[in-house]
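Here is a short tour to read alongside the model. Please keep the viewer open as you go through the points.

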Amino acid sequence: MDEKCERITLSISINRLCKRSVDDFMSQLVHIDALSGLGKIWSKENFLLYMPGKWTLSLVAYSAHSIAAPDTSKDKTVIGYCIMSEKSPRCAHIHRLVVKTGERSCGIGTSLVKKAIDTTLVSGKYKFLSLKLPQNNKRLFKFYSGLGFFWIFSENSHKFMIATCE
Ligand SMILES: CC(C)(COP(=O)(O)OP(=O)(O)OC[C@H]1O[C@@H](n2cnc3c(N)ncnc32)[C@H](O)[C@@H]1OP(=O)(O)O)[C@@H](O)C(=O)NCCC(=O)NCCS
């Protein structure tokens with residue numbers, strides 16, 4: 001692991017992105033999303049949009065600037081996030097997974113997805129964790145396949161994948 005990745009991974013925490021912390025993190029979330037490279041950029045309204053289970057399932061990865069005020073969201077630098085919701089009582093869904101440009105390829109995306117798997121499937125709360133990705137993004141397909149997701153069907157230039165505990 002190179003020095004940059006070591007610095008990032010050592011200082012990182014991954015926690016639940018609850019309704020209260022999303023307000024504190026909002027400007028960082030919108031900024032990161034605008035530079036994510038994803039086709040449709042998320043605004044504040046997208047982040048706040050109601051979806052069942054969103055504020056108990058979603059995750060944020062951040063590094064803290066100081067240990068003097070460890071509970072202040074404003075003192076934290078967001079590195080990435082994973083927005084999830086409950087699609088059905090048996091299935092949670094990943095809507096958005098983004099790691100800040102410049103902090104990628106250091107394992108943060110993997111850690112976010114692994115934590116998502118832990119809190120949904122390993123905990124026994126859900127039987128399936130689903131997501132969709134652009135049909136032609138082979139790099140992303142490999143990324144999710146390596147984390148245990150498998151292809152189920154394709155529709156409108158997107159692939160749908162799921163992971164399950166079984
Ligand atoms: C996909 C993403 C979340 C991965 O985060 P990360 O912290 O870089 O991931 P990790 O370091 O744990 O793993 C690296 C792997 O992620 C994948 N990856 C990294 N950058 C990527 C990118 N721009 N596009 C697609 N896949 C990417 C690759 O499989 C990479 O492995 P490789 O370096 O061997 O090619 C991050 O690249 C990102 O935010 N991309 C833009 C948003 C996006 O495409 N989100 C997914 C929508 S379904």
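This is a predicted model: local features need pLDDT of at least 70, side-chain atom pairs count only at pLDDT 80 or more; totals for chains, interfaces and linings use all residues.

Residues are numbered from 1 along each chain as its sequence is written.

**S105 and its loop**
- S105 sits in the loop between β4 and α5 (helices, H or I with at least four residues, and strands, E with at least two, are DSSP runs numbered from the N terminus).
- The phi of S105 is positive, near 60 degrees, in a residue other than glycine.
- As background, most residues other than glycine have a negative phi.

**The sheet**
- The model has an open sheet of 7 strands in the order β1-β2-β3-β4-β5-β7-β6, with mixed pairing (two strands pair if DSSP finds at least two bridges between them).
- Its edge strands are β1 (12-16) and β6 (150-155), each of which pairs on one side only.
- From one strand to the next, the twist averages 30 degrees (axes are lines fitted to C-alpha atoms, for helices over the stretch in contact, and angles run from 0 to 180 degrees between N-to-C directions).
- β2 and β3 run antiparallel and are joined by 6 bridges.
- Strand β3 (residues 76-88) also pairs with strand β4 (residues 91-99), in the antiparallel sense and over 8 bridges.
- I83 has R96 as its bridge partner in β4.

**The turn from β3 to β4**
- A hairpin through 2 residues joins β3 to β4, and R90 has its place in the loop between these strands.
- R90 counts as exposed because it has 11 C-beta neighbours inside 10 Å.
- Not counting residues up to four places away in sequence, R90 touches Y126, K127 and F128 (contact requires C-beta atoms, placed from the backbone, within 7 Å of each other).
- R90 and A163 are 73 residues apart in sequence, yet their C-alpha atoms are 12 Å apart in space.

- Is β6 buried or in the open? Of its 6 residues, the number buried is 0, so β6 lies largely in the open.
- β6 pairs with β7 in the antiparallel sense over 5 bridges, and F153 has F160 as its bridge partner in β7.
- The hairpin of β6 and β7 has 2 residues between the strands, and N156 takes a positive phi near 45 degrees there.
- N156 is not a glycine, and it counts as exposed because it has 6 C-beta neighbours inside 10 Å.

**Helices**
- Helix α2 (residues 19-34) lies across β2 (59-64), β3 and β4, and runs at about 100 degrees to β3.
- Helix α6 (residues 138-146) lies across β5 (128-134), β6 and β7 (158-164), and runs at about 165 degrees to β5.
- The 15 residues of helix α5 (residues 108-122) should span 21 Å at 1.5 Å a residue, which agrees with the 19 Å between its end C-alpha atoms (the expected span is 1.5 Å times one less than the number of residues).
- Buried residues in α5 are I108, G109, L112, V113, A116, I117, T119 and T120.
- After α5 comes G124, whose phi is positive, near 85 degrees.

**Around the ligand**
- The ligand is surrounded by 19 residues, of which the closest are V99, R104, G109, T110 and F143 (near means that the C-beta atom, placed from the backbone, lies within 6 Å of the molecule).
- At least two residues of this shell come from each of β4, α5 and α6.
- Which element gives the largest share of the shell? That is α6, with 4 residues.
- By class, the shell has 9 nonpolar, 7 polar and 3 charged residues (Ala, Val, Leu, Ile, Met, Phe, Trp, Tyr, Cys and Pro count as nonpolar, Asp, Glu, Lys and Arg as charged, and the others, Gly among them, as polar).

Notes
Two residues are in contact if their C-beta atoms, placed from the backbone, lie within 7 Å. A residue is buried if 20 or more other C-beta atoms lie within 10 Å of its own, exposed if 12 or fewer, and partly exposed in between; C-beta atoms are placed from the backbone.
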